[in-house]
Amino acid sequence: MRALTLTAFGGPENLQHLELPAPTITTPDQVRIRVMAAAINRLDLFVLGGLPGPKPTLPLVVGSDGAGIVESVGAAVTRVAPGDRVLINPGISCGRCDACRAGEQPICRSFHVLGEHSPGTIAEFVVVPEANVAKAPANMPWSQAAAFSLATLTAWRMLATRARLAAGETVLIWGVGGGVSLAAIQIAKLHGARVIATSSSDLKLETAKRLGADVTLNHGSVDVAKEVRSLTGIGADVVVDSVGEKTWANSLKALRPMGRLVTCGATTGPHVSIDIRKLFWFQWNILGSTMGNHKEFQTIATLAARGLLWPIVDSVFPLDQGRGAFDRLAQGNQLGKLVIEVSS
Ligand SMILES: [Zn+2]
């Protein structure tokens with residue numbers, strides 16, 4: 001099969017197209033999928049440089065997100081059949097440990113994402129457990145189906161599960177433009193919340209408005225924390241911050257007493273500080289979140305089937321120009337997801 005692979009750690013220059021043996025079903029719970037389209041996330045860029053911890057065997061098929069057509073299934077598979085169009089949840093867990101049995105797959109000790117330590121989605125075939133697929137909406141184009149899972153699932157867990165966002169609350173979402181923040185706007189609106197979205201790009205803020213953001217702030221020209229306090233009188237109920245070092249201090253300034261700050265990433269750096277006196281005095285909740293569990297994945301797939309939470313796609317690259325998607329993601333100017341068309 002044709003695949004886009006990482007042949008040495010470094011950057012996108014080390015991505016090569018190779019002809020590799022197609023993966024086969026090895027356990028009865030697995031599904032083999034003909035990948036129609038794949039999509040990449042910031043994690044895929046980190047993989048190129050080599051993540052901390054054990055290194056994957058190279059060449060590695062890259063790509064975390066994807067969607068395609070079920071080609072064959074293991075003997076124990078009951079929910080999908082050959083020919084079904086499916087969304088792929090790229091978070092793979094062992095399925096046997098206490099965390100997995102409790103339905104909290106993201107804290108499974110062997111939790112990993114496709115294309116990180118196991119073969120990814122930018123290849124003609126991928127094999128995943130049945131629990132990691134959901135039927136794709138019949139009318140959803142492959143590009144959006146491929147771009148759906150990781151960002152939507154991450155944003156869903158952040159807002160619905162971790163922050164328990166409620167109707168009428170105000171949520172501040174920093175740096176709209178990437179898949180998670182754009183999904184977060186849609187999820188917050190679905191919960192009946194008021195959304196304040198920021199970006200340094202007016203074009204991205206227009207898209208945020210189109211997705212339902214109530215207030216948009218250009219963080220290049222306004223003091224976001226001050227604006228949020230003046231708009232709310234007290235501060236935001238929930239702040240979604242995956243930017244990290246650059247926004248952390250202002251996220252706290254924008255947060256109301258007893259508010260929730262939820263993070264899933266640290267694009268501008270991971271080291272921040274906090275004045276513990278403010279933490280206890282204002283009784284803040286600082287919440288981490290990563291990916292989502294199988295139940296949350298089925299929930300967002302059900303919402304997608306109702307035409308909700310469909311992702312914004314920035315651009316689609318043919319497989320033989322797949323490296324271009326990584327270059328564009330590294331530049332950081334994208335508005336929505338970067339997709340690679342694998343099969344046609
Ligand atoms: Zn497990």
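Colleague: Is strand E15 (residues 255-263) largely enclosed or open, and how many of its residues are buried?
Modeller: This is a predicted model, so everything here is computed from it. A residue counts as buried if 20 or more other C-beta atoms lie within 10 Å of its own. The rest of the structure largely encloses strand E15, because the buried residues among its nine number seven.

Colleague: Which residue is the bridge partner of valine 239 in E15?
Modeller: E14 and E15 run parallel and are joined by four bridges. Within E15, valine 239 is partnered by leucine 261.

Colleague: In what order do the strands of the six-stranded sheet lie, and which are the edge strands?
Modeller: The sheet is open, its pairing is parallel, and the order is E13-E12-E11-E14-E15-E16. Each edge strand pairs on one side only, and these are strand E13 (215-218) and strand E16 (285-288).

Colleague: How many degrees does the twist average from one strand to the next?
Modeller: The strands in question are the six of the open parallel sheet. From one strand to the next, the twist averages 20 degrees.

Colleague: What distance does helix H4 (residues 179-190) reach from its first C-alpha to its last?
Modeller: The helix has twelve residues, and 16 Å is expected at 1.5 Å a residue. The model comes close to that, with a reach of 17 Å.

Colleague: Is H4 mostly covered or mostly open, and which elements do its buried residues pack against?
Modeller: H4 is mostly covered, with ten of its twelve residues buried. Among them are Val180, Leu182, Ile185 and Ile187. The buried residues pack against helix H3 (142-162), strand E11 (170-173), E12, helix H5 (202-210), strand E14 (236-240) and strand E18 (337-341).

Colleague: Which glycine just after H4 takes a positive phi?
Modeller: The phi in question is about 80 degrees. The residue is glycine 192.

Colleague: How is the protein divided, and which element gives the most to the side of domain 1 that touches domain 2?
Modeller: The division is into domain 1 (2-152 + 292-341) and domain 2 (154-288). Their contact takes 17 residues from domain 1 and 18 residues from domain 2. On the domain 1 side, H3 and helix H9 (294-305) are the elements that give two or more residues. The one that gives the most, with four residues, is H3.

Colleague: How many residues on that side of domain 1 are nonpolar, polar and charged?
Modeller: We are looking at the side of domain 1 that touches domain 2. Its residues divide into nine nonpolar, five polar and three charged.

Colleague: What is the order of the three-stranded sheet, and which residue in E4 stands opposite threonine 5?
Modeller: This open sheet has antiparallel pairing and the order E2-E1-E4. Strand E1 (residues 2-6) and E4 are paired over two bridges.

Colleague: Is glycine 49 buried or exposed?
Modeller: Glycine 49 sits in helix H1 (residues 42-49). Leaving aside residues up to four places away in sequence, it touches Phe9 and Gly11. Because it has 11 C-beta neighbours inside 10 Å, glycine 49 counts as exposed.

Colleague: Which peptide bond is cis, with omega near -5 degrees?
Modeller: The place to look is the loop between H1 and E4, where proline 59 lies. The cis bond runs from leucine 58 to proline 59.

Colleague: Is arginine 164 buried or partly exposed?
Modeller: Arginine 164 lies in the loop between H3 and E11. Its phi is positive, about 45 degrees, although it is not a glycine. With 14 other C-beta atoms within 10 Å, arginine 164 is partly exposed.

Colleague: Is leucine 309 buried or exposed?
Modeller: Leucine 309 is in the loop between H9 and strand E17 (313-318). Its phi is near 65 degrees, a positive value in a residue other than glycine. Since it has 20 C-beta neighbours inside 10 Å, leucine 309 counts as buried.

Definitions and conventions:
Residues are numbered from 1 along each chain as its sequence is written. This is a predicted model: local features need pLDDT of at least 70, side-chain atom pairs count only at pLDDT 80 or more; totals for chains, interfaces and linings use all residues. Two strands pair if DSSP finds at least two bridges between them. Axes are lines fitted to C-alpha atoms, for helices over the stretch in contact, and angles run from 0 to 180 degrees between N-to-C directions. The expected span of a helix is 1.5 Å times one less than its number of residues. Two residues are in contact if their C-beta atoms, placed from the backbone, lie within 7 Å. Domain bounds come from an automatic or database domain assignment. Ala, Val, Leu, Ile, Met, Phe, Trp, Tyr, Cys and Pro count as nonpolar, Asp, Glu, Lys and Arg as charged, and the others, Gly among them, as polar.
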